[in-house]
Amino acid sequence: MEKEFKNIHFTVIENGTRITVTTRHGSYPNLMYLLKEELQLESFGECGGVGRCATCVVKTSGITGNSAVKDRNEPNTLEQLGYSDETTRLSCQIYITADLNGAEITVLEI
Ligand code: FES
């Protein structure tokens, strides 16, 4: 239980700029909402996190645990865009948990 309240640190790369993010477990519904709000990204996450619009695509490294596994609509949506590798993800399908500690998230231009 104590683990859930510790700070979570990860790096976001957006348009060539590296940003260190410090947040807490569950601070946003998912990573898409965090990126959209903190980086003020327009046209990001247009379906509201259903996993269908693919406007929230990121490249990831260092995500651990259950968060490293694609789930629900994510694999099909990414395959339709031609992404079959394990590191390209829909940020709306990644929750804000300790699995993000030390990860690197690159926002892709779609
Ligand atoms: S917000 Fe639409 S797929 Fe992620």
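Ser-43 lies in the loop that links H1 to S3, where helices (H or I, at least four residues) and strands (E, at least two) are DSSP runs numbered from the N terminus. This is a predicted model, in which local features need pLDDT of at least 70, side-chain atom pairs count only at pLDDT 80 or more, and totals for chains, interfaces and linings use all residues. Residues are numbered from 1 along each chain as its sequence is written.

Ser-43 is not a glycine, yet its phi is positive, about 55 degrees. Gln-40, not a glycine either, has a positive phi of about 50 degrees. Most residues other than glycine have a negative phi.

The strands form an open sheet of five, in the order S2-S1-S5-S3-S4, with mixed pairing; two strands pair if DSSP finds at least two bridges between them. At the edges are S2 (17-24) and S4 (88-90), each pairing on one side only. S1 (residues 7-14) runs antiparallel to S2 and is joined to S2 by eight bridges. Within S2, Thr-20 stands opposite Thr-11.

Leu-100 is in contact with Ile-8, Phe-10, Ile-63 and Ser-67, leaving aside neighbours within four places in sequence; contact means that C-beta atoms, placed from the backbone, lie within 7 Å.

Technical notes. Contact = placed C-beta atoms within 7 Å.
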